[in-house]
Amino acid sequence: MSRVLIIESSARQQGSVSRQLTQTFISQWKAAHPNDQITVRDLAVNPVPHLDINLLGGWMKPADQRNANEQSSLDRSNELTDELLAADVLVMAAPMYNFAIPSTLKAWLDHVLRAGVTFKYTETGPQGLLSGKRAYVLTARGGIYAGGPADHQEPYLRQVMGFIGIHDVTFIHAEGMNLGGDFQEKGLNQANAKLASVA
């Protein structure tokens with residue numbers, strides 16, 4: 001049995017293409033892997049606070065020197081990190097907002113990229129500690145950006161995933177969602193075709 005962690009980050013609950021892709025992924029994955037455990041964390045319903053002084057204090061101070069806010073921030077980070085550590089498969093659903101990922105997803109990443117936990121520093125540089133995991137990134141984009149200079153989603157997410165040791169990363173882009181007509185239909189068809197080969 002594998003554990004699948006799904007991170008939703010679309011601000012919309014209705015009419016969200018990235019959420020539509022997630023539901024397709026879940027149904028296909030369950031059909032192929034009925035015994036797997038799937039956990040969904042919705043960052044729109046339960047947002048993760050941005051990195052702040054309390055979280056830094058929770059990470060860096062000894063337990064007997066933390067105040068209540070710092071301890072609470074550390075507990076939240078531990079919960080999110082433990083979910084990631086337990087997962088065999090990570091799925092991130094990310095609409096493109098202003099050429100990049102939603103700030104809610106960035107905040108989640110800021111909680112789980114942790115020295116000594118998901119990566120470590122060595123004499124030869126940082127080393128990821130989450131090797132052996134797979135990741136899938138489901139994106140929805142108004143225009144067509146894949147492989148171009150305005151795509152700041154895929155390069156960034158590949159870098160941060162590699163940084164923590166996840167190198168098996170598959171991107172599934174639904175592009176052209178705001179271009180209408182044939183562009184939208186083609187973008188969804190391409191994304192769904194790639195999704196069908198994943199499970």
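Q: At what angle do helix H1 and helix H6 pack, and how far apart are their axes?
A: This is a predicted model, where local features need pLDDT of at least 70, side-chain atom pairs count only at pLDDT 80 or more, and totals for chains, interfaces and linings use all residues. Numbering starts from 1 along each chain as its sequence is written, and side-chain values use heavy atoms, without hydrogens and water. H1 (residues 17–32) and H6 (residues 181–196) pack at about 25°, with axes 10 Å apart. Helices here are DSSP runs of H or I, at least four residues; strands are E, at least two. Axes are lines fitted to C-alpha atoms over the stretch in contact, and angles run from 0 to 180 degrees between N-to-C directions.

Q: Which residues of H1 and H6 make the contact?
A: H1 uses Val17, Gln20, Leu21, Thr24, Phe25 and Gln28. H6 brings Leu188, Ala191, Asn192, Leu195 and Ala196. Contact means heavy atoms within 4.5 Å.

Q: New topic. Where does UniProt place the "binding site"?
A: The unreviewed entry puts it at Ser10, Ser16, Val17, Ser18, Met96, Tyr97, Asn98 and Phe99. UniProt annotations may be inferred rather than shown by experiment.

Q: And which helix is Ser18 in?
A: Ser18 is in H1.

Q: What domain does UniProt list?
A: The unreviewed entry gives "Flavodoxin-like fold" for residues 3–197.

Q: How much of residues 3–197 is helix, and how much strand?
A: The span is 41% helix and 21% strand. Its end C-alpha atoms lie 19 Å apart.
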